[in-house]
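Take each one, ask for its grounds, and hold it to its cut-off.

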Amino acid sequence: QVQLVESGGGLVQPGGSLRLSCAASGFTFSSYAMSWYRQAPGKERELVAAISSGGSTTRYADTVKGRFTISRDNAKNLVYLQMNSLEPEDTAVYYCGANGISLYLTPRYWGQGTQVTVSS
C-alpha cells in the first residue's frame, strides 16, 4: 500500500522559514522522481518543485526559485522542501507527489497535504 505522509506545515510570519517532510512507503522510493505541489483556495494545484530519483536534478516554479529547496534522503525514504523567505502568497496546502520515472511527469501517487499559512 503506497503511503505519502507530509509533515512540517504550520503558521509562519512573512520572511520566515519552514521545512516540509514527506515520508514514503509501499513503493521503491529510490526509483521514483518526487515532487511538491501546492493548492491555494480557489486556485488549481500547481507544481512547486521536483527532484529526480537520485537527487541530481531538480526543477522549480519560477515563483519559488531562490527561496525553496527540494532534497531527498533515499536511505530514509524522505523528501524535503525547505522554504525560506516565505510570503503570504505561499499560503496553500502543500502536497507530496511520487512521479515515477521522470520529474516532468504528473505524480502517480499523492499525499493528503499539509497546510502552510504565511501571515503576520
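What follows is a set of questions and answers on a predicted model.

Q: Why is Arg38 called buried?
A: Buried means under 20% relative accessible area. Arg38 has a relative accessible area of 6%, so the label applies. Arg38 lies in strand 4, residues 33-39.

Q: What makes the link of Arg38 and Glu46 a polar contact?
A: The cut-off is an N or O pair within 3.5 Å. The side chains of Arg38 and Glu46 are joined at 2.8 Å, and therefore the pair counts. Arg38 also has a polar contact with the side chain of Tyr94, at 3.0 Å.

Q: Which residues beyond its sequence neighbours is Arg38 in contact with?
A: Neighbours within four places in sequence are left aside. The list includes Glu44, Arg45, Glu46 and Val48. Also on it are Thr63, Val64, Phe68, Glu89 and Asp90. Ala92, Val93 and Tyr94 complete it.

Q: How do you know that Cys22 and Cys96 form a disulfide?
A: The sulfur atoms must lie within 2.5 Å. Those of Cys22 and Cys96 are 2.1 Å apart, so the pair qualifies. By this rule the count comes to one disulfide.

Q: What makes this a link between distant parts of the chain?
A: Cys22 is in strand 3 and Cys96 is in strand 9. They are 74 residues apart. Both cysteines are buried.

Q: Which hand does the link of Cys22 and Cys96 have?
A: The angle about the S-S bond is -80°, and the link is left-handed.

Q: Which members of the largest nonpolar core touch the most other members?
A: Met34, Trp36, Val79, Leu81, Met83 and Tyr94 do, in a core of 29 residues. Strands 3, 4, 5, 7, 8, 9 and 11 each supply at least two residues of this core. In soluble globular proteins, nonpolar side chains tend to be buried together.

Q: Which residues does the second, separate core include?
A: It has five residues, among them Tyr37, Leu47, Ala50 and Leu103.

Q: Which residues is Met83 in contact with, leaving aside neighbours within four places in sequence?
A: Gly16, Ser17, Leu18 and Leu20 are on the list.

Q: Why is strand 8 described as largely enclosed?
A: Five of its six residues are buried, so the rest of the structure largely encloses strand 8.

Q: How do you know that strand 8 pairs with strand 3 and with strand 7?
A: Pairing needs at least two bridges. Strand 3 and strand 8 have six, in the antiparallel sense. Ser21 has Tyr80 in strand 8 as its bridge partner. Strand 7 and strand 8 also run antiparallel, joined by six bridges. There, Asp73 stands opposite Leu78.

Q: What lies between strand 7 and strand 8?
A: The two form a hairpin with four residues between them. Asn77 in the turn has a positive phi of about 55°.

Q: Why are strand 1 and strand 7 said to stand at the edges?
A: The sheet is open, with four strands in the order 1-3-8-7 and antiparallel pairing. Strand 1 (3-7) and strand 7 each have a single partner strand, so one side of each lacks a neighbour in the sheet. Neighbouring strands of this sheet are turned by 15° against each other on average, direction ignored.

Q: What makes strand 1 and strand 3 a pair?
A: At least two bridges are required. Strand 1 and strand 3 have five, antiparallel, so they pair. Gln3 stands opposite Ser25 in strand 3.

Q: Why is strand 5 called largely enclosed?
A: Five of the six residues of strand 5 are buried, so the rest of the structure largely encloses it.

Q: How many bridges join strand 5 to strand 4 and to strand 6?
A: Five bridges join strand 4 to strand 5, antiparallel. Ser35 has Ala50 as its bridge partner there. Three bridges join strand 5 to strand 6 (residues 58-60), again antiparallel. Ile51 stands opposite Thr58 in strand 6.

Q: Which residues take a positive phi in the hairpins of strand 5?
A: Gly42 does, near 75°, in the hairpin of strand 4 and strand 5. Gly55 does, near 90°, in the hairpin of strand 5 and strand 6. The hairpin of strand 4 and strand 5 has six residues between the strands. The hairpin of strand 5 and strand 6 has six as well.

Methods:
Residues are numbered from 1 along each chain as its sequence is written. This is a predicted model: local features need pLDDT of at least 70, side-chain atom pairs count only at pLDDT 80 or more; totals for chains, interfaces and linings use all residues. Side-chain values use heavy atoms; hydrogens and water are left out. Buried means under 20% relative accessible area, exposed over 50%, partly exposed in between (1.4 Å probe, protein chains only). A polar contact is a pair of N or O atoms within 3.5 Å; within protein, one must be able to donate a hydrogen and the other to accept it, and residues adjacent in sequence count only if both atoms are side-chain atoms. Contact means heavy atoms within 4.5 Å. A nonpolar core is a set of buried Ala, Val, Leu, Ile, Met, Phe, Trp, Tyr and Cys residues joined through side-chain atoms within 4.5 Å. Axes are lines fitted to C-alpha atoms, for helices over the stretch in contact, and angles run from 0 to 180 degrees between N-to-C directions.
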